[in-house]
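Thanks for coming, everyone. I'll walk you through one structure today. Please have a look at it first.

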Amino acid sequence: MRIRILAFLIAHAAAMLASAANAQENDLSAHARAIFDHSRASVAQIRVLLGRSNSHTSTGSGFVAGSHGVMVTNYHVVADKALEPETYRLEYVLPDGRRGPLRILAIDVVHDLAVVQSDIADAPPLKFRDAALSKGDRAFSIGYPLGQGITVTEGTYNGRSEDQYYEHFHFTGAVNPGMSGGPALDANGRVYGVNVASRRDGQLVSLMVPAKYARQLLDTAAKTEHTEADFRTLVGAQLLAHGQSLMQAVLKGRMAVEKFDEFTLPGKTGELMQCSASTNRETDKAYTIDSYGCHLPSSLYIDPRLQTGTVAFRHNVLRSVKLGTLRFASLQESRFDPRASGYDRKHHTRWACHDSVVALKGTRGKLVICSRAYKRFTGLYDVFARLATVDSSKRALHSSLNMQGVPFEAAMSFARRYIESIEWNR
């Protein structure tokens, strides 16, 4: 009798759990449908068209956020048009098939945002959220992923991303290519962010630009009027300001150093710099290599061939286990390539390089420094430095520093401090 009662209770509990799960699933589905129905008429696909053709080179998303058809999207969605207005044009396509031209009103390269003007007269602007969300709150993303038509995805808001130089929100949900520039919505259909990117090295780790930056850009667009020819200059000015801010941050205070084996080396500078170490030690190898590297996650998208505005460096400590003097010298030579790689004639001048032997603390080193200017953005440079110690047949340090999209003098100042901080404690 007791066994029958227990079996009945278990079956009843299982049925209640299944019923609750079905109710929750139906509730979630109904909520997503409500958000979709509320927002779909105000979310458009944005196409970048080549010349007078109807063939698009790329697509993204955007949403009506102001009166008279003013829309918000990502800068990277409209970057080609902003930089080469004579080559590209923009159009929107609504879910009901209507389409029309777009005109750029304002851009914010740093936060990857743009405001564009459409001729949409009947789509209601989506409303922005004023209060902050809390971790775990339900959230939604709408856009046009991979040619699949307008799509809604559901997930959770998880606060500020902890590995971005500029403020982004972490959305645990799918944001696929083509959804960039679409709205990130709370459970009431209010905009709390703008779709911008997803991490390809994980699952459902997506990033949103906070809505406050979109609202600021809408205010800028309402107060300022630009011609098509102005935007390339504006991109350059914003990049220069970013590069100056970046170098001020890394030059602020004393050079941070890290103990790495018997070396003192440039280390993590500021809370947002990301660093990691690795080693290559195998019992059958005649040498070992230990590595330590840092970078700022501050690179900005400019166009499909250029991302810039960052500082990164890497140290490799080479040790001979079974190599003689000549073989160790050969190993060093094979790993020390003084040539700066990468040349894009559209964006850069050719590299100009200088090499010398420099005195370091406790050793000497061969130093190569290269620089190149940006053709379209006055005042911006890439600076590359590579250093290798030269006075030991058993151990060596190879160190490289790479600065992209920064002012030349500030980059050289940081390179000097970088080199001066290297010390061999033997």
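Some ground rules. This is a predicted model: local features need pLDDT of at least 70, side-chain atom pairs count only at pLDDT 80 or more, and totals for chains, interfaces and linings use all residues. Residues are numbered from 1 along each chain as its sequence is written, and side-chain values use heavy atoms, with hydrogens and water left out.

Now the overall picture. The protein chain has six helices and 25 strands. These are DSSP runs, numbered from the N terminus: helices are H or I with at least four residues, strands are E with at least two. The C-alpha atoms fill a box of roughly 80 × 75 × 40 Å, taken along the principal axes. Of the 426 residues, 49% count as buried. Buried means under 20% relative accessible area, exposed over 50%, and partly exposed in between, with a 1.4 Å probe and protein chains only. Take the contacts (heavy atoms within 4.5 Å) with a separation of 6 or more: residues 24 or more positions apart account for 63% of them.

Back to H4. Its buried residues include Phe231, Val235, Leu239, Met247 and Val250. Just after H4, glycine 253 takes a positive phi of about 75°.

Val235 turns up again in the largest nonpolar core, which has 68 residues. Such a core is a set of buried Ala, Val, Leu, Ile, Met, Phe, Trp, Tyr and Cys residues joined through side-chain atoms within 4.5 Å. Which members touch the most others? They are Tyr75, Val235, Ile302, Phe377, Leu401, Met403 and Phe414. Leaving aside neighbours within four places in sequence, methionine 403 is in contact with residues including Met247, Tyr381 and Phe414. A second, separate core has 30 residues, among them Leu105, Leu113, Val115 and Ala221.

A search of the whole structure finds one cavity of 30 Å³ or more. About 40 Å³ of space lies in the largest cavity. Lys81, Ala82, Pro85, Arg103, Ile104, Glu228 and Phe231 line this cavity. Helix H2 (75-83) and strand S6 (103-108) each supply at least two residues of the lining.

Now, backbone angles. Most residues other than glycine have a negative phi. Aspartate 112 has a positive phi of about 55° although it is not a glycine. Aspartate 112 sits in the loop between S6 and strand S7 (113-117). Is aspartate 112 buried or exposed? Aspartate 112 is buried, at 13% relative accessible area. Leucine 204 also has a positive phi, near 60°. Leucine 204 lies in the loop between strand S12 (191-198) and strand S13 (205-210). At 49% relative accessibility, leucine 204 counts as partly exposed.

Last stop: glycine 159, in strand S9 (residues 151-160). Glycine 159 is buried, with a relative accessible area of 7%. Not counting residues up to four places away in sequence, glycine 159 touches Lys135, His168, Phe169 and His170. Phenylalanine 171 is twelve residues away along the chain, and the two C-alpha atoms are separated by 7.9 Å.

Methods
1 Å grid on protein atoms, 1.4 Å probe; cavity = no way out; pocket = protein on both sides within 12 Å on 5 of 7 lines; lining within 4 Å. Points joined across faces, edges and corners; volume = space filled by probe spheres on them.
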